[in-house]
Amino acid sequence: MNRRPGLLVYGLLIAFVLGSTAPFYWSFLLGSHTAAIAAQGTPPLLPGGHFIDNAQRVFDTVPFWKALGNSVLVSTVAATSVVFFATLAGFAFAKLRFRGNAALMAFIIATMAVPTQLGVVPMFIVMAKLGWAGSIWAVIIPSLVTAFGVFFMRQYLVDAIPDELIEAARMDGCSMFRTFLTVAVPAARPAAAMLWLFTFMYTWTDFFWPLIALPADNPTIPVALNQLQSGFFKDYSLVLTGATLATVPLLVLFVVAGRQLVSGIMQGAVKG
Amino acid sequence: MTSDVDVPSGDTATAVPPEGRRVRKRSGGTRLTRRQRLTRWDVRLSPYLYVSPFFVLFLLVGMFPLVYTAYVSLFDWGLLSGKGEFIGLDNYRDVLEDPTFVKALVNTISIFLISSVPQVIIALILAGLLDTRLRARTLWRMSVLLPFVVAPVAVAIIFGNLFGDEYGLINDLLGKIGIDPIGWHTDRWASHVAIATMVNWRWTGFNALIFLAAMQAVPRDLYESAAMDGAGRVRQFTSVTLPMIKPTLIFVIITSTIGGLQIFAEPRIFDDITATREGGPDHQWTTMTMLIYNYGWGRGRDLGEASATAWLLFLIIVVFALANFLATRRFAKGGQR
């Protein structure tokens, strides 16, 4: 609504943002105190000087760097692959006429509502048969494509590429693939960036299937956090240091690309 | 793929758009040149070539497992022993007769309701606040989205500490205003509130941005005429904004239903008090997806029962999605569009 916000609006927003950020601080706060202080409930509200010590204990308890490497690998490969296949298929659905176009697209929309992660049992059986159980490939392979990705790219490309541009490229003698590369790919770039970012975050934070597929010595970040917490003695300074460390990479990504993320969510909302 | 681009440039002048070529083919027996035939196949096959990598992969990793789950659910199938006898619907009977199943079903729906209803309401209010002429607009929007970068596992660790029964910050604060400590990890409904809080913390800002986008598409003159009719700000919000963003509202409700019914990371991590981590000593906050894990990879080690549970959960999600869809249609009829 077109009006200048008053103090009340700013006050409510500030309260909300404080609520959003306080848990970050809490996590770091407990991570910066010794286990003994963290075990006694509410610690001093200023950070202590033990964060580095606690971080070292996290590295000693779980294979944190291995997990970080795995998470970077899985998320990067998944995001890149989803964007590639979704752009290719989204272009065909948005701009090319072929038999079955509408039916296949309806199938994709329908499957978006189907939680494919309910297929964990066969996935586990197949991965075991292929000898991939426990390997990071067991997590990478199922995340290579998403129905949402194709839907998202199609919605974007329908409006982003004028039909005349494709006809012009064809007139100039471009092959279909050449047309895709020279016309569709540049036009898809903003949407591709958003889809990449979303898929990266989604894959990074995924927990259910990696927990099933990966062993303790080859985890992703969420699986490593899960291990960190499963000790007998509840060592809050340790697990909250782990939670803080695990959040840093995505926080960095957010600082770099948060603006695009915001506009991505808002554009996706209008299109969807 | 690019081989047909390398033909001598003189040829390109004769290239015709697809429609023209088809006409020419029908009109007579003129032999097509090799290049023309190539182009024809290019036009015809390319779409399939472009969508097929997605479909092949998707059928393999998305659809096939779902169907095969139904197959596994009909067998005695151990995690370690592998496929055993065909036992028909026995797995379904065993799961349905397990008292934990009913508990998990009630827990899942309860957590889902406690998380989605306040979340949608707060997100709507927040979007309304953001839909004003704020200073540093982008900064506010980014701040609201910040919790979204924290993985559910980390969210659950942080909030599991905040909701500690004995030394948690929340019970401490409640004690300061004279309220007795709440057994977040023992009382069934209290645990649902704690878990729902985690979900709400992570998703409210995200949904607010979606609502905000929809609100900004509402024509401004609607507000002006509402104001002229004497509608106050709250009245404008309920009579203009809400009806106009109904499609988005329904979209958010449906997606949060599908996601909410599958909640796993938060309740599992919240259980840091039992060794089996099945969702509380008395399954106070075991959810349906946790049940799949518990049957298959936890104590049960029974992939048949895990598959049966997965299919039951799938059916429940379909029922909820269908109910949402029907509600959508009714709303849409009653609404302005």
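Which residues in α6(A) and α3(B) meet? On one side there are A:V121, A:P122 and A:M123 in α6(A), and on the other B:P65, B:Y68, B:T69 and B:V72 in α3(B). Before going further, keep in mind that this is a predicted model.

Let's stay with that pair for a moment.

Now step back to the whole meeting of the two chains. Chain A brings 85 residues to the contact, and chain B brings 85 residues too. On the side of chain A that touches chain B, the largest share comes from helix α13 of chain A (residues 236–271), with 17 residues. Sorted by class, that side of chain A has 59 nonpolar residues, 18 polar ones and eight charged ones.

There's also a helix pair within chain B to look at. Helix α10 (residues 220–228) of chain B packs against helix α11 (residues 233–244) of chain B at an angle of about 135°, and their axes are 10 Å apart. Because of that angle, α10(B) is oblique to α11(B). The crossing of α10(B) past α11(B) is right-handed. From α10(B), the residues making the contact are B:L222, B:Y223, B:A226 and B:A227, and from α11(B) they are B:Q236, B:S239 and B:V240. Five of the contact's residues are nonpolar, two are polar and none is charged.

| Helix pair | Angle | Axes apart |
|---|---|---|
| α10(B) and α11(B) | about 135° | 10 Å |

What about chain A as a whole? It has 13 helices and zero strands. Its C-alpha atoms fill a box of roughly 75 × 65 × 30 Å along the principal axes. Of the 272 residues in chain A, 48% are buried. If you take the contacts in chain A between residues at least 6 apart in sequence, 76% of them join residues at least 24 apart.

Finally, a word on confidence. Chain A has a mean pLDDT of 89, and 96% of its residues reach 70 or more.

Note on methods
Residues are numbered from 1 along each chain as its sequence is written. Chains are lettered from A and ligands numbered from 1 in the order in which they are written. This is a predicted model: local features need pLDDT of at least 70, side-chain atom pairs count only at pLDDT 80 or more; totals for chains, interfaces and linings use all residues. Two residues are in contact if their C-beta atoms, placed from the backbone, lie within 7 Å. Helices (H or I, at least four residues) and strands (E, at least two) are DSSP runs, numbered from the N terminus. Ala, Val, Leu, Ile, Met, Phe, Trp, Tyr, Cys and Pro count as nonpolar, Asp, Glu, Lys and Arg as charged, and the others, Gly among them, as polar. Axes are lines fitted to C-alpha atoms, for helices over the stretch in contact, and angles run from 0 to 180 degrees between N-to-C directions. Angles under 35 degrees count as roughly parallel, over 145 as roughly antiparallel, 65 to 115 as roughly perpendicular and the rest as oblique. A crossing is left-handed if the near helix is turned anticlockwise from the far one by less than a right angle, and right-handed if clockwise. A residue is buried if 20 or more other C-beta atoms lie within 10 Å of its own, exposed if 12 or fewer, and partly exposed in between; C-beta atoms are placed from the backbone. pLDDT is the predictor's confidence in each residue, from 0 to 100.
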